[in-house]
Amino acid sequence: MRLLTVQIIAFLIFSAAFVAHGQSDMVRVGAFANITHSQAMVGKANGWFEKALGPNIRIEWKTFNAGPSAIEALYAGAIDITYVGPNPALTGYVRSHGEALRVIAGASSGGAALVVRGDSGIQKPEDFHGKRVASPQLANTQDVALRAWLRQHGLKPREKGGDVQVLPIANADQLNLFLKKELDAAWAPEPWATRLIREANGRLFLDERQLWPNGQFVTAQLVVATKFLQQHPEPVEKWVRAHVDLTDWINDHLPESKNLLNQQIRKETGAGIAASLLDEAFSRLQVTYDPLRSSLLTSARWEFEEGFLGKTMPDLSRMYDLSILNKVLREKHRKEIQ
């Protein structure tokens with residue numbers, strides 16, 4: 001009995017040391033089945049992250065439809081890392097008083113658009129009066145962009161005294177509602193924006209890149225739970241290094257990457273994307289590890305103005321931790337990101 005007790009104590013000491021040195025035997029990762037999360041989709045399909053993390057670390061993937069759900073899971077401790085849009089990450093950061101998460105890399109730029117139904121009668125911003133416009137989820141990245149754009153053109157959602165009905169609706173359901181003529185427009189990420197155009201009589205009204213300097217704005221980024229980053233820095237570093245390498249590989253092998261991405265989307269949703277549709281969607285998207293911080297700060301101002309971030313503009317000075325990303329970039333003799 002005494003020997004057993006000694007063995008248990010020794011095991012606990014070993015385990016504590018294992019954790020203290022940043023090890024973890026599992027990483028739980030969130031992602032969406034769309035092309036703005038290209039690294040996640042391609043990495044799932046070809047086992048890139050499993051190879052990078054090694055046989056002693058198991059990856060548990062979890063699929064989400066939109067950012068707020070992913071951030072809620074991160075906040076609740078159900079996932080450790082997630083690919084997510086900027087505005088849900090902002091909301092999670094602010095609601096946790098800057099404690100819950102850190103942005104550690106970018107994932108994609110662009111790849112979002114305002115699409116109108118071909119027979120909706122919408123030709124100019126003023127035509128949105130009285131219309132029904134969808135976003136993927138309340139306070140997600142496209143939802144905030146939509147509401148900011150409406151405000152900039154003197155339009156208001158119904159709940160703020162205006163006559164535009166803003167409807168948070170899952171992307172797949174938007175497609176069906178377009179076909180039924182129950183929606184007039186949608187601010188959607190790719191490939192859903194292109195699918196609305198190709199499959200549901202939609203027309204491109206605004207490519208969101210037109211609103212941003214150099215046509216660049218963060219659509220998805222890599223976010224980690226602060227506690228996980230502090231307790232397990234080694235697997236996080238391995239993930240970031242694999243993420244950067246995979247970003248390079250995707251950009252250097254676009255045809256193969258698109259096939260793998262499509263294969264994974266088909267596996268998760270039951271339906272793939274036509275090659276021509278995928279090419280069009282990718283034409284509005286850039287896969288990148290740069291988190292494009294300045295665009296997030298603009299999104300933060302929009303989100304604050306929409307009332308999603310409280311009564312005072314939050315301090316975002318601790319939202320980013322790019323130390324691991326910049327370590328990887330230094331190793332590759334590349335310019336660090338400020």
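Me: Before we start, how do you know what counts as a helix here?
Reply: Helices are DSSP runs of H or I with at least four residues, numbered from the N terminus. H11 is followed by Gly 270, whose phi is positive, near 85°. This is a predicted model, where local features need pLDDT of at least 70, side-chain atom pairs count only at pLDDT 80 or more, and totals for chains, interfaces and linings use all residues. Residues are numbered from 1 along each chain as its sequence is written, and side-chain values use heavy atoms, with hydrogens and water left out.

Me: Happy with that! What makes the span of helix H11 agree with expectation?
Reply: The expected span is 1.5 Å times one less than the number of residues. For the 16 residues of H11 (residues 254–269) that should be 22 Å, and the end C-alpha atoms are 22 Å apart, so the two agree.

Me: Why is Leu 246 called buried?
Reply: Buried means under 20% relative accessible area, with a 1.4 Å probe and protein chains only. Leu 246 has 0% relative accessibility, so Leu 246 counts as buried. This residue lies in helix H10.

Me: And which residues does Leu 246 touch?
Reply: Contact means heavy atoms within 4.5 Å. Not counting residues up to four places away in sequence, Leu 246 touches Gln 39, Val 42, Gly 43, Trp 48 and Phe 49.

Me: Which residues of H11 are buried, then?
Reply: Ser 257, Lys 258, Leu 260, Leu 261, Asn 262, Gln 264 and Ile 265. The buried residues of H11 pack against helix H2 (38–46), helix H10 (233–252) and helix H12 (275–282).

Notes. Helices (H or I, at least four residues) and strands (E, at least two) are DSSP runs, numbered from the N terminus. Buried means under 20% relative accessible area, exposed over 50%, partly exposed in between (1.4 Å probe, protein chains only).
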